[in-house]
Amino acid sequence: MDDKYSSNVISGGKLGRVEVPNARLTRYIVLLLLTKLLKALGIFESYDLLKVVHVVQFLFILKLGCAVILLFFQKPFSSGKMVAKRQWIRILKHAVISSVISLLGFFGLTLCGPLRTLLLFEHSDLVVISLLSVLFTNSGGGPSKTRGAAFFIIAVVCLLLFDNDDLMAKMAEHPEGHHDSALTHALYTGISFLGVADHKGGVVLLVLALCLKVAFHTHSRKLSVEIGGAKRLYALSNLVSSVVLLPWVIVLSSTTESKVESWSSLALPFALIVFSVMVLDFYVESICTAKLEALRCARYGSACLFLSGLLLANFWTHPLTDQLRAMSKSGQQASTEHVLSGGVLVSACFFVMADSILSSPSEKGQKGTLVGYSPEGMPLYNLMGDALQHSSQSLPRFIKDSLKQILEEYDSRQIFYFLCLNLAFTFVELFYGVWTNSLGLISDGFHMLFDCSALVLGLFAALMTRWKWLDGFLILSGFINGLFLMVIAFFVFVESVSRLIDPPNINTVMLAPVSVGGLLVNLVGICAFSHAHSHGASKGSCSSHEHGHSHHGHSHSHGHGHSHSPGGRSMNANMRGVFLHVLADTMGSVGVIISTVLISQFGWLIADPICSLFIATLIFLSVIPLLKDACEVLLLRTPPEQEKDLNFALEKVQKIEGVLSYRDPHFWRHSASVIAGTIHLQIMSDVVEQRVIQQVTAVLKDAGVNNLTVQVEKEAYFQHMSGLSTGFHEVLAMTQQMESMKYYKDGTCIM
Amino acid sequence: MVAVDVINFKDSDTTIHRKKQETDTYVLGTIHPFRKTHKSILGKFIQEFNLVSSDRRSWKILLFGVLNVICTACLLTWCNSTNSMALTAYTYLTIFDLFSLITCLISSWVSMKKPSQVFSFGFDRFEVLSVFASTVLVQLGALFILKESVERFMEQPEVHTGRLLVGTFVALFFNLLTLLSVKNKPFVYVSEAASTSWLQEHVADLSRSLCGIIPALSSFLLPRMNPFVLINLAGAFALGITYMLIEINNYNAVDTASAMAIALMTFGTMYPMSVYSGKVLLQTTPSHVIGQLDKLLREVSTLDGVLEVRNEHFWTIGFGALAGSVHVRIRRDANEQMVLAHVTNRLHTLVSTLTVQIFKDDWSRPLLVSSVLPAGTHSLSDYIGPSGFLGPSPPPEFSFNTPGRNIQPVVLSSTQQHRPYSLGLAYGSSPYAGMLGQGVGLGMGARMPSVQGYRTSFSAAPQRYGSNPLPSQMNQYRP
C-alpha cells in the first residue's frame with residue numbers, strides 16, 4: 001500500500017501506457033476473433049465464386065452491396081457536413097485506387113488460392129509499417145523487430161520457393177480459354193514475362209498489393225479526417241467505386257458469355273461475402289482499434305485469421321463443409337484446389353511469429369546519448385540528437401553528395417567510371433544470359449559482379465579518405481583487396497586442379513564473344529589506371545607488377561628497385577589493389593580466349609585447366625608485392641626505402657653539438673604522405689632545447705620524416721622524474737614489469 | 001591461403017612463412033618454387049619455428065593444427081561427395097579455426113621476441129594483423145559462398161545427404177573442442193573488446209525473454225555469449241534442418257538457403273572483430289580510453305606554463321599497450337624540463353610508449369624576466385595552473401594532421417573557472433595514488449609499496465599548507 005505512493009513516477013515504471021485489465025476487453029477480443037473467422041470463411045467462399053464469376057463483376061457486386069448496406073447504416077448524405085466538389089474529386093481518386101488494389105488482391109486470390117492470400121495480403125498496416133521501418137531505416141527498434149522482419153521475409157521466400165504445389169503447376173499451363181478478359185490476360189502476360197510460374201507470380205502480386213494497400217491507407221487518413229470520419233469515407237468511396245466499375249461490368253457482360261447458370265443461387269454466398277469481408281470486418285476492426293490498442297488488435301486479428309485459414313484449408317474439401325461451399329457440385333474443379341503443403345505450413349508459422357513480433361510494442365524507449373549528470377547524480381540523456389541527424393541526411397542527397405565527392409578526385413573518378421562500365425557489361429551479360437537461357441553466361445555475370453565488389457571497396461576507400469581524413473584506410477583497403485585476390489587465385493587454383501583430373505566438356509560457342517568483350521572492358525580499365533599511375537608520383541604499380549611475376553627471384557632486394565620513387569609506392573596501395581584486380585581479370589579473359597582457341601582448333605580439353613592454373617599463379621605472384629608493402633605499413637615497420645637515410649641521419653643527430661645520446665627512435669609510415677617519427681634525446685644541461693629540436697627536425701626531415709616528435713631530456717628531467725615518482729629507472733623497470741604482467745592479466749592494464 | 005607473404009622482412013618473415021607452410025598443406029603448395037629460391041628465409045623460418053616449438057605450450061597448438069588440417073581435408077572431400085553448399089560454408093569455419101590456431105602460435109612467438117631496429121615498436125602488431133587477416137579471409141570466403149549460392153539458385157543440383165550429418169557433427173565437435181581447449185589469447189581479447197555481432201544481440205534478446213519465463217537459466221544465458229561457439233552451434237543447427245528437410249521432402253533448395261544463412265552469420269560474427277582489429281591497424285585511439293585520455297590531457301593543459309597541447313596522437317600498438325606522441329606549447333619563461341617531467345608523469349600512467357615535444361614560441365628572443373626559476377622557489381600558485389586555459393577537445397580517433405581540432409569548447413570554461421584552489425592541488429597530486437592505481441589496475445600491485453614508502457618519507461611536509469587535505473607535490477621538491 002505504501003510503496004504505491006512512495007515511489008516516484010519514473011522509477012516505479014508507472015509512466016507510459018496505461019494497461020486496461022484484460023477482463024473488460026475479453027468480449028472485444030472474442031468479437032474480433034469471430035469476425036476474423038468469418039472473414040476467412042468469406043475469402044474461401046469468394047475463391048470458389050471467382051472460379052465462375054469474373055473478377056470485375058465480382059468486385060462490382062461486392063462494392064455495390066457494401067455501399068448499399070453502409071448507406072443504410074451510415075447515412076453519409078443526410079448526416080455530417082456537405083461534401084465539397086473538390087472533395088468529391090478526391091473521393092473519386094480514392095475509389096479508383098481502392099478498387100485497383102482490391103482487383104489486384106482478388107486476382108492474386110485466383111492465382112494463389114485462399115490460404116496463401118490470407119497469409120500474404122491480410123496483414124495489419126502496423127505490421128507492414130514496422131517491417132518497412134526495420135528494412136529501410138536504422139531506427140528499427142531493437143533486435144526483436146529485426147528478427148520479426150527476417151521471419152516475414154523467410155515466410156514470403158518459403159511461399160515462393162518451397163511451396164511446390166503441383167496443382168498450381170497444372171494451372172500454370174493455363175489454357176487460352178481461361179482468360180476471360182483483356183485485364184486478366186494482360187496480368188497473365190505480365191506475370192509470364194517475369195518468367196515465374198503463375199502461383200509465384202500471384203505471391204509477388206499479393207506482396208505488391210499489400211504494400212500498395214498500406215501506403216494507400218496511410219495516405220487516405222487525411223482525406224478521411226476532411227470528409228468526417230473513416231466510416232463515411234468508406235461508404236462514399238464504395239459507392240463511387242461501384243459507379244466507376246459499372247460501365248466496365250456492362251461492357252464485360254455484353255461481350256463475354258457468363259459461366260454462371262443462375263445468379264439466384266449465388267445470392268446467398270455473395271451476401272455472406274459482402275457481410276463478412278466488407279462490412280463486419282470493417283466495423284469490428286474500427287471498434288476494436290478504439291477499445292483495444294491498435295497493436296493488440298493487429299496481433300490477435302492476424303493470428304486468428306491465419307489459424308482459421310489453416311483450419312479451413314484443411315477442411316474445405318471435406319464433405320462436411322460442402323454445404324457451405326457454393327460450387328460443390330462441379331466435381332472436376334475440386335481437383336484444382338490449392339492444397340496444404342509443407343512450405344505453406346512453415347510459412348504460416350513464420351507469418352504468425354512475424355506478426356506477433358512486429359506488432360508487439362517495442363520495449364526500448366528512444367535511444368538517447370548521455371550528456372552528463374544532473375547535480376543529484378541522475379544521468380541526463382539527449383534524445384534529440386539522433387532524430388535530427390536522421391532527418392538532416394536524406395538518401396538522395398547523400399548519394400548526390402558522395403557522387404560529387406567521387407567525381408572531384410582523379411583516382412576515385414577513374415574507379416567510378418570503370419565500375420560503371422563493368423557493371424553495364426555485367427548487366428548486359430546477365431540479361432543476354434536470361435534471354436538466351438544460357439547458364440554459363442549468367443554464372444559468368446555473377447562472377448563479374450563478385451569481382452566488382454573489389455572495385456566498390458576501392459571506391460569506398462577513396463571516398464573514406466575524404467570523409468574522415470583517414471589516409472591509412474587506403475593502405476588497409478589495399479591489403480583487403482590483396483587478400484581478396486589471394487582468395488580468388490586460391491579458388492581458381494583448386495577449381496583448375498579438380499578440372500585437371502577430370503576435364504569437363506566445355507561449350508565454346510558462347511565463351512569467345514563474352515571473353516573478348518570482357519577483355520575489351522578490362523583493357524580500357526588497364527589504360528585508365530596505368531594512366532592514373534603515370535599521373536601520380538611514380539609508376540609503382542606497373543613496375544612492381546613486372547617485378548612481381550617476371551623476375552620474382554630478385555624481390556628480396558627490391559628496396560633498390562624502388563628507391564627512385566619514395567612515397568609513390570605506398571601512396572596508391574588502394575589504386576594498386578584495384579589495378580591488380582583489373583589485371584587479373586584481363587589475364588583471365590586472355591586465358592579463356594587462348595583456351596577456347598586451343599579447344600576448338602585442336603580439341604585439347606586440358607588447355608582450359610592449365611590456362612587457369614597459370615592465371616592463378618600469375619595473380620598470386622602479382623599480389624605478393626602489394627601485400628608485402630601493405631603489411632610493412634600496417635606493422636609499423638621502418639620504411640625500407642628510408643632505412644639508409646635514417647641511419648645516416650641518426651648518426652648526424654648524434655654529432656649535433658650538445659647531444660649526448662638518443663634512445664627509442666621509432667620511425668614508421670603513418671599514411672601515404674606521412675612518415676612519422678619519435679625520438680628521445682639526452683642533451684647537456686647548458687644547451688637550449690629548442691635549438692636542438694630545430695636541428696634534429698631539420699636533419700630528419702631531410703631523411704623523409706615529416707611528422708616528428710622530439711623529446712629533449714636534460715639531467716634536470718631525470719631529477720624531476722625521480723622527484724615526481726619513485727625514480728625514472730624504477731619507472732622503466734616497472735613498465736617492463738607491466739608489459740610482462742600484461743600477458744597474465746590481459747586487458748586489465750589499460751582498462 | 002592466409003599467406004601474408006612479407007618476404008623481405010629481416011627477421012620477421014618467419015611467422016608469416018610458418019603461416020604459409022601450415023596452410024600450404026591444403027593449398028597444394030602454390031609457392032613451392034618460390035620458396036626454393038630463398039633457402040636462407042627457409043632456414044630462418046626453421047630457426048624461428050624451433051624457437052616457438054621449444055615452448056611446451058605451443059605443442060598443443062601444433063597438435064590441434066595437425067588435427068585441424070586432417071579434419072578439414074576430410075570435410076572438404078565430404079563436401080565434394082555430398083555436393084552440399086551448406087557443408088562447405090560450415091567447413092570454412094573449420095578453416096577459420098586453423099587460422100585462429102596460427103594466430104595463437106604467432107602470439108606466442110610475439111611474446112618471445114624483443115623489438116628489433118626495424119620493428120622498433122616490437123612485434124605485437126603481427127598478432128593484430130593476423131587476427132585481421134583471418135577474419136577478413138573468412139568473410140571473403142563467405143562472400144564466395146554467397147556468390148556460389150546465387151548461382152545455385154538458378155539451377156539447384158541434387159544434394160546427397162549420406163555424409164551431411166556426419167560431417168556436421170564432426171566439424172561441430174572438432175570446432176568446439178578447439179575453441180574450448182586451446183586458450184586463444186588474441187581472439188578472446190578481440191571477441192570481448194569488439195562490439196557485439198547481430199547474432200549475439202539476437203541470442204541475447206531471445207534469452208532475455210526466455211529468462212523472463214524460466215529465471216533459473218539466467219546465470220547460463222544472460223552473460224555475453226562467445227561468438228565463435230554461437231556461430232558453430234547456429235551453423236550446425238542450420239545444417240540439421242537442411243538434412244531433415246532434404247531427407248523428408250527432398251527440398252534441395254534448403255541447402256543453398258542454409259549456406260547463405262551460414263555465410264551471413266559468418267559475416268555478422270566476423271565483421272565487428274575485423275572492424276576492431278582494423279581500427280588498431282589504422283592507429284586510431286581506442287574508444288574506451290578516449291575518456292581517460294581526455295581527462296589526462298585536460299590536466300596536462302592546466303599545468304603551469306602549458307599553453308596548448310597539440311598534435312596529440314595516441315594509438316594501440318598491439319592489443320593493449322598504448323603508444324603516443326604529443327606536442328606541448330609552453331610559456332616562454334617556463335622551465336622546459338619541469339613541464340616535460342610533469343607531462344610525462346601524468347600521461348605515463350596510461351601511455352607506456354610516450355614522446356613529448358616541448359615547444360616554445362620565439363625562443364631565440366631573450367626573455368624579459370629571469371630565465372629559469374630555481375626549482376625551490378616555485379610558489380603554490382604555479383601548480384594550480386592557468387585556470388582560464390582549457391584542455392583540448394577529446395582527442396579525435398584519427399588525429400594526425402588535424403590542426404584546429406583542438407579549439408577549446410567554450411561550454412566547459414565555466415566549470416574550470418569555478419574550480420577552487422584546493423581542488424587544483426588535489427588534481428596535481430592525484431597521480432601518486434589515484435591515477436596510478438586506477439590507470440594501471442591490477443598489474444601495478446607490485447609497485448604500490450614503494451610509492452607508499454616514498455610518501456611517508458615526506459609525510460612531515462604536507463601540514464605546512466593546512467587548508468590542503470592532500471600533500472602537495474610541491475613539497476617534494478623542497479631541498
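Visitor: How much of residues 62-282 of chain B is helix, and how much is strand?
Guide: That span is 81% helix and 0% strand, with its end C-alpha atoms 31 Å apart. Helices (H or I, at least four residues) and strands (E, at least two) are DSSP runs, numbered from the N terminus. This is a predicted model, where local features need pLDDT of at least 70, side-chain atom pairs need 80 or more, and totals for chains, interfaces and linings use all residues. Residues count from 1 along each chain, chains are lettered from A and ligands numbered from 1 as written, and side-chain values leave out hydrogens and water.

Visitor: What does the UniProt annotation call residues 62-282 of chain B?
Guide: The unreviewed entry gives "domain: Cation efflux protein transmembrane"; such annotations may be inferred rather than shown by experiment.

Visitor: Why is α3(A) called oblique to α4(A)?
Guide: The axes of α3 (residues 55-74) and α4 (residues 85-112) of chain A come within 10 Å and cross at roughly 125 degrees. Therefore α3(A) counts as oblique to α4(A), the class left after roughly parallel (under 35 degrees), roughly antiparallel (over 145) and roughly perpendicular (65 to 115).

Visitor: Which residues lie nearest the centre of the second largest pocket?
Guide: They are F151(A), I154(A), F350(A), F237(B) and A261(B), out of 43 lining residues. Helix α11(B) supplies the largest share of that lining, 11 residues.

Visitor: How do the residues of that lining divide into nonpolar, polar and charged?
Guide: The lining of the second largest pocket has 35 nonpolar, 7 polar and 1 charged. Asp, Glu, Lys and Arg count as charged; Ala, Val, Leu, Ile, Met, Phe, Trp, Tyr, Cys and Pro as nonpolar; the others as polar.

Conventions: On a 1 Å grid over the protein atoms alone, a cavity is a set of points where a 1.4 Å probe fits but cannot get out, and a pocket is an open set with protein on both sides within 12 Å along at least five of seven lines; lining residues have an atom within 4 Å of a point. Axes are lines fitted to C-alpha atoms, for helices over the stretch in contact, and angles run from 0 to 180 degrees between N-to-C directions.
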